[in-house]
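Please view the sequence and the structure together before reading on.

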Amino acid sequence: MRIKGRGRIGANVSVPFSFEGRRYCGRAGDTLASAMIANDLHFIGRSFKYHRPRGITALGGDEAGALVAIRRFGAFIPNQRPATQELFEGLEARAENAWPALGLDVLALNDLLSPLMGPGFYYKSFKWPRGAWERVWEPLIRRAAGLGRLPVCPDEAPYDQAFAHCDVLVIGGGPAGLMAALAAGRAGGDVILADPDRRLGGRLLFEEEEVGGRAGHEWARAIEAELREMENVRVMARTTITGAYDQGTWSAVEKVAHHLPDGDAPLECHWRIVAKRAVLATGAIERPVAFAGNDRPRIMQAGALRGYLNRYGAVAGRRVAIFANNDDAHRTARDLATAGVEVVALIDARADAAPPPEGGDFRFLAGAVVEAAHGRKGLTGLTIRTASGARERIEADCLGVSGGWNPALHLSCHLGARARWRADIAAFVPAAGAVPGLEAAGAANGSFSTAACLAEGAAAGQSAAQALGLKAELPEIPAAGDRAGGLKPLWQVSGARAKAFLDLQNDVTVSDIQQAAREGMGESEHMKRYTTFGMGPDQGKNSGVNALAVLAEATGRSIPETGTTTFRPPFDPVSIGTIGGAGRGAGFAPERHTPAHEYALSRGAVMGDAGLWKRALWFPRAGEGNWRQSCDREVAMVRGSVGVFDASPLGKFEVLGADAARFLDFLFATPMRALKVGRMRWGVMLREDGHVMDDGVVARMGRGHFLVMSTTAGAQDLWRHMQFVRQGLRPEWDVEIVDAGEQWAQIVVSGPRARDLVNSLLRRPLAPDQPAHMAWKALTIAGVAARLFRTSFTGEAGYEIAVPARYGAALFALLTERAEAMGGGAFGLEAMNVLRLEKGHLTHAELDGRVTLPDIGLSRLLARKGDFIGKAAARRPGLMGPDRAELVGLRPVGAVKQILPGAHLFRPGLLAVAENDEGHVASAAYSPMLKSVIALAFLRGGRARLGEHVRASDHLRHVETLCEVCDPVFFDPEGERLHG
Amino acid sequence: MRIRCPLCGERDSREFHVMGAAEWLARPAPDAGLEAWDAYLHLRDNPAGPTRELWFHEAGCGAWLVVARDTVSHAVFEAVPAWEAGA
Amino acid sequence: MRYSGWQILRQALGGNRGWKAQWRKPDPRPEYDVVIVGGGGHGLATAYYLAKNHGVRRIAVLEKGALGLGNLGRNTTVVRSTYMLPGNGEFYSFSLALWKDLSQELDYNVMFSPRGVISLFHSDAQRDRFARLGNAMVGRDDHAVLLGRAELRRLVPYLDYDNTRFPIYGALLQPDAGTARHDAVAWGYARAADRLGVDLIEHCEVTGFGIAGGRVRAVETTRGRINAGKVGIAVAGHSGRLAGMAGFRLPIESHVLQAFVTEGLKPVVDHVISYGMGHFYISQSDKGGLVFGGDLDGYASYAQRGNLPRVEHVMEAGMTLMPMLGRARVLRSWGGVMDMSADGSPIIDRAPVEGIFLNAGWCYGGFKAVPGSGVAFARLIATGEPLKAAAAYRLDRFRTGHLIDEEGTGALHNRH
């Protein structure tokens with residue numbers, strides 16, 4: 001219900017929303033939680049295991065009770081906390097984990113079966129009969145488990161990601177954070193102040209108390225205004241710092257448009273904030289006292305009860321009781337009474353507790369405890385045990401509980417530090433130096449009074465600024481209340497039979513933890529895992545210390561001996577979309593396009609992925625029904641007239657300097673030192689571990705100038721490797737390396753009429769051997785300075801023409817169109833693969849990182865004089881033994897004419913099982929020239945087995961092929977066509 | 001994690017590629033024998049504490065750096081160019 | 001006390017007050033025949049099989065913290081045998097077979113759930129590599145199915161087939177692989193080993209080895225010196241440190257691997273899905289949390305936590321593959337310390353010091369290997385002879401070059 005004249009939100013603006021399909025009205029400034037309370041919506045969800053009714057228990061992210069689903073961008077987002085959702089017009093929410101309806105839920109039967117469903121019951125059962133687990137039990141459990149339902153349609157909500165840098169990050173905008181930001185901001189520091197609320201003030205927004213002689217929330221408003229005025233201070237409202245990372249890096253989530261109906265603005269933004277210093281001013285989280293039935297809707301934190309009243313004018317009941325072990329909760333009774341709400345009793349567990357000094361028109365019971373709460377779908381009454389031990393029933397429909405406050409220290413533990421126990425406040429506080437550059441202040445540091453928060457915050461802001469060399473004055477500390485705590489620890493009340501809950505989301509009770517201790521799960525981590533305590537959405541923020549206390553008592557240790565479980569990021573649940581939203585669709589990785597990409601598309605090219613590159617696979621022509629027809633035609637085109645191929649993605653590295661020749665000689669297993677200017681050489685590089693890393697072609701451009709053309713896939717690794725060798729292993733050599741890969745477009749012209757095609761573009765035509773095979777020359781082609789490399793991957797005579805990238809598209813288009821006039825045309829990667837296979841040229845399909853020089857018939861390189869990368873390790877016995885599989889060719893000789901890459905090789909007559917495995921097919925394709933499928937394979941001792949038969953078995957696709965082992969060069973073995 | 005590149009200043013670790021222990025700089029002589037090469041290629045001190053590691057400032061200046069850092073606390077002490085560092 | 005539905009009913013009638021500790025908490029005795037260092041999955045399983053298969057009597061497992069909270073308790077619980085190379089594949093096949101009966105073997109439901117492991121491919125070249133892998137699996141009598149795009153779409157319709165950066169061509173499915181409950185594996189082996197008389201000694205950190213005459217005689221611990229006939233080291237993540245204490249180095253670097261879990265959700269992801277192009281994999285636990293992760297952070301670390309660049313990469317990969325994930329919230333992230341070996345494969349062998357045996361270098365493969373590794377390591381320690389399926393996991397293979405490099409990335413510890 002809403003209390004007239006109470007609350008600090010827009011009383012006159014009503015905001016319609018719906019829950020479970022029914023329409024309600026809240027007010028501008030409400031959260032969904034406050035609007036629900038004002039509308040007497042208290043039973044709003046069901047718990048995880050026993051499906052017990054759940055309501056709102058807290059004011060913010062520490063909500064341990066009900067979660068709801070909220071409709072955004074066409075689907076319901078599960079597991080939302082009503083208290084962190086600002087109300088907006090038309091908000092639609094619904095309950096979770098209840099079927100068929102919230103009020104009548106079939107699985108609420110679980111509650112009756114709960115004695116059978118104690119901690120770890122599933123470890124002890126469902127083992128028999130064998131196989132029943134996965135077929136019967138597990139599907140049942142999976143269906144029952146889980147809270148909300150994740151819609152399977154794509155998440156269409158907009159998200160954003162951003163970076164920010166600052167001198168001082170102030171985490172939390174309560175009294176401590178405000179003073180810290182003020183101190184650091186006035187000192188001229190570059191400050192970010194982040195707070196989850198839409199307004200700064202922290203607890204002050206929820207309290208009736210004075211700061212600096214005026215209402216605390218008004219004081220906060222004034223300070224917020226001052227901070228927003230400062231150019232060097234950035235106030236980030238609606239922003240939660242979610243994780244601490246190394247060297248002052250913080251992750252944060254800003255709820256940019258969570259409070260608005262769906263629109264264009266990002267729902268949330270993930271910030272990566274880098275800060276030189278930070279102040280932890282995250283406040284504290286109120287903890288419960290566990291007692292029988294303490295999970296009923298309308299039982300909530302005493303501080304939350306008071307906060308809903310003071311800020312929103314909303315109260316969850318008409319007859320309210322308070323149960324506490326500290327002075328702070330007395331304020332709840334006072335505020336309620338002042339507002340005219342009936343307070344039936346203030347039950348204080350401390351025998352020596354004094355009644356609130358302000359007095360108040362309610363019953364005060366010192367030394368009494370709540371033993372049990374009654375009611376099913378909401379609280380109806382309490383059984384209390386008075387100081388004399390007498391039991392008494394109290395009629396109440398709402399209860400505020402306080403077991404004290406825990407500093408919200410989580411971020412201070414994200415880098416692995418353990419929290420420190422302070423017996424005087426019976427709570428953990430951040431350890432000093434837990435996160436380099438971070439200082440805790442105020443309630444987050446265990447100093448709970450407003451006066452202490454203000455003072456500590458100011459000091460922390462000042463010292464952060466001073467640590468950065470700024471001249472910082474301590475701001476004047478406004479007068480404020482200095483009452484705090486007076487707490488006497490009370491973790492749970494035993495005596496009644498009903499379940500006393502510690503984890504309201506995962507349904508973990510006091511007796512569950514006691515049972516875990518009996519079963520030897522006395523370590524806090526074991527307890528957590530065995531009972532699932534603290535593994536729900538609130539991650540134990542609420543009752544973690546209560547659970548430890550229960551465990552400590554059960555195992556006869558102290559709380560600090562029992563220790564905390566580890567706090568890990570995120571502090572608050574973060575949606576995957578917020579961090580990863582930019583990865584949707586094609587956003588996951590950049591696409592690399594060659595200069596001729598658009599032209600290729602205009603010619604109908606079918607594109608495929610090769611690493612980050614998009615490459616033309618084939619260029620279909622009218623009448624071609626599938627890729628094979630296009631591919632066969634393109635192969636025939638290259639072999640018969642001329643083909644044009646875009647090889648621009650090749651790595652192209654210019655190597656310069658007096659020691660460039662020496663360097664390449666060291667880099668390659670193939671000797672490069674003696675390469676003459678104007679000549680080219682194909683070579684192989686090893687990794688230092690002796691396996692083949694990559695192959696490439698080296699052209700000598702001048703005395704101290706080489707060009708290394710590497711494979712596309714290997715280019716990035718090669719760049720790192722070359723730089724490592726240069727900078728790390730041979731820094732004394734005079735070598736520079738320039739990655740010129742994107743500066744040059746490179747077009748292959750290949751086929752018997754390649755020279756005619758190129759000549760058609762030249763003023764002075766090339767002679768047949770000009771340049772000779774594996775030589776290059778500079779020339780001007782169509783008016784553009786170009787490099788013409790005479791080399792061939794197809795086995796045909798031909799060239800690779802390199803022009804500056806900006807001419808690449810024009811050159812490719814020109815060559816393609818002229819080639820077409822000559823009966824040729826553009827060809828794609830599929831045809832190139834067939835052409836290179838016919839010639840036995842290798843790609844990464846063969847060079848898979850496990851291949852050695854002897855495997856591919858190049859053992860002679862190991863005998864080469866002088867040192868080169870990989871030489872020493874390549875001579876290890878395992879890299880050259882007789883058991884190794886060697887490169888061979890295969891062609892089918894039986895009835896089955898297909899060979900599939902990935903098939904394994906066996907001797908005919910032997911079973912196709914692992915023991916008889918002799919190798920595998922690396923690549924295969926249909927050769928239109930040979931009218932047969934051909935394959936490159938690795939076969940044990942293969943080179944000595946030419947002419948033998950082997951069986952290629954593909955179990956996955958059920959293809960068995962009898963093959964003849966042959967030389968890996970299938971076509972034009974003498975290489976006569978190269979000179980064509 | 002942030003690294004102070006001696007050439008570019010402090011940068012986020014996402015700009016770097018990590019190769020492994022700085023021992024990669026101590027390449028044995030070609031005839032040092034299998035034991036030495038085995039040690040170079042594979043065996044690592046793998047300390048829980050201060051270590052020296054090779055980082056390539058790939059999205060920055062392209063320098064290979066030897067980064068002195070702590071494998072337990074993730075503190076970063078220093079980064080120097082590989083060509084000045086030695087193994 | 002045997003665990004059963006009947007027992008649960010009986011105990012429930014007694015208010016669940018009759019349950020006994022699942023294992024004792026003994027003080028260390030002065031001497032054992034075999035001391036296993038490391039109370040994770042491999043150590044506990046080894047102790048269990050030493051007692052059960054080889055009748056070794058006096059066994060202790062020393063754990064510096066509490067049982068099962070290292071990599072066993074922090075991994076994403078995938079159990080599969082999608083390994084290709086000889087010497088490696090047969091071991092994981094052997095281990096997978098043990099999983100199938102593990103709940104009955106241990107009288108503890110480890111919730112092995114063969115939900116199917118799907119490895120996506122995105123080009124013809126990747127399909128060929130998976131075909132080679134799948135054929136190797138079938139050759140070992142494992143199950144493997146190569147799925148085309150249409151078949152895959154029927155199985156997992158919620159992937160983004162149409163707009164994702166790397167279009168999905170198909171997948172390799174291992175239908176009888178899946179997940180298990182990691183803690184149950186620790187507790188199940190602990191309880192079963194304890195019942196066979198193994199002393200499980202928690203909070204007992206090994207600080208050194210007593211080595212005399214080239215042979216190990218004892219281990220020094222924070223709870224005193226313990227004499228040992230043989231010592232087995234199974235401390236993946238920290239193998240290098242233990243080796244250092246015994247005076248030798250290992251081909252291992254420790255690296256952090258991050259993992260993530262969301263809030264509980266109703267069943268939505270039924271399989272284990274692995275997305276190689278994005279270094280991303282995901283499954284859903286029985287409690288409903290989506291469990292997922294990615295690649296190593298890349299730098300050496302013992303910190304059990306990582307940094308944001310990898311976090312972001314993992315989330316982005318999830319979003320390009322399964323854009324529905326955007327609405328799921330991550331509750332928790334953490335890191336495990338991986339024993340990254342120089343070829344990506346493990347070591348089960350004698351150490352250079354006589355009497356010390358080594359079980360290390362599991363990279364990311366440790367969880368699925370637990371039963372197989374336990375059997376293999378126990379056999380090696382008890383008999384001195386390796387299990388045939390694990391005989392290739394020799395320590396000297398790096399020197400001799402008989403490497404088991406599934407990824408083909410070479411001697412870079414962080415690239416496997």
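## Aromatic pairs

Over all chains the count comes to 44 aromatic pairs, where rings of Phe, Tyr and Trp (its six-membered ring) pair if their centres lie within 6.5 Å, and planes under 30 degrees apart count as stacked, over 60 as edge-to-face and the rest as tilted. One of them joins Phe121(A) and Phe126(A), an edge-to-face pair with 6.2 Å from centre to centre and 75° between the planes. Both Phe121(A) and Phe126(A) are buried, a term that stands for under 20% relative accessible area, with exposed meaning over 50% and partly exposed in between (1.4 Å probe, protein chains only).

In chain C, the rings of Tyr83(C) and Tyr92(C) count as stacked because their centres are 3.9 Å apart and their planes stand at 10°. Tyr83(C) counts as buried at 11% relative accessibility, and Tyr92(C) is buried as well, with a relative accessible area of 2%. Ring pairs also link residues of chains A and C into a cluster, whose members include Phe121(A), Phe126(A), Trp133(A), Tyr530(A), Tyr3(C), Trp19(C) and Trp187(C).

## Basis of the model

This is a predicted model, in which local features need pLDDT of at least 70 and side-chain atom pairs count only at pLDDT 80 or more, whereas totals for chains, interfaces and linings use all residues. Residues are numbered from 1 along each chain as its sequence is written, chains are lettered from A and ligands numbered from 1 in the order in which they are written, and side-chain values use heavy atoms, with hydrogens and water left out.

## Charges over rings

A charge sits over a ring if NZ of Lys or CZ of Arg is within 6 Å of the ring centre and within 35 degrees of the ring normal. Arg191(C) lies over the face of Tyr3(C), at 3.5 Å from the ring centre, and Tyr3(C) is one of the residues in the cluster described above. In chain A, Lys541(A) is placed over the face of Phe571(A), 5.0 Å from the ring centre.

## Two residues of chain A

Arg234(A) belongs to strand β12 (residues 233-236); helices (H or I, at least four residues) and strands (E, at least two) are DSSP runs, numbered from the N terminus. Arg234(A) counts as partly exposed because its relative accessibility is 39%. Apart from neighbours within four places in sequence, Arg234(A) is in contact (heavy atoms within 4.5 Å) with Ala164(A), Val191(A), Ile192(A), Leu193(A) and Trp271(A). Arg234(A) and Leu169(A) are 65 residues apart in sequence, with 9.6 Å between their C-alpha atoms.

Asp855(A) is found in the loop between α20 (829-838) and α21 (871-874), and Asp855(A) is buried, with a relative accessible area of 3%. Leaving out residues up to four places away in sequence, the residues that Asp855(A) touches include Arg850(A), Arg884(A), Glu886(A), Phe938(A) and Arg943(A).

## Chains A and B

Chain A holds 21 helices and 50 strands, and its C-alpha trace spans about 110 × 75 × 55 Å along the principal axes. Buried residues make up 65% of its 980 residues, and of the contacts in chain A with a separation of 6 or more, 66% involve residues 24 or more positions apart.

Chain B has 2 helices and 6 strands, arranged along the sequence as β-β-β-α-β-β-β-α. Its C-alpha atoms fill a box of roughly 40 × 25 × 20 Å along the principal axes, and 54% of its 87 residues count as buried.
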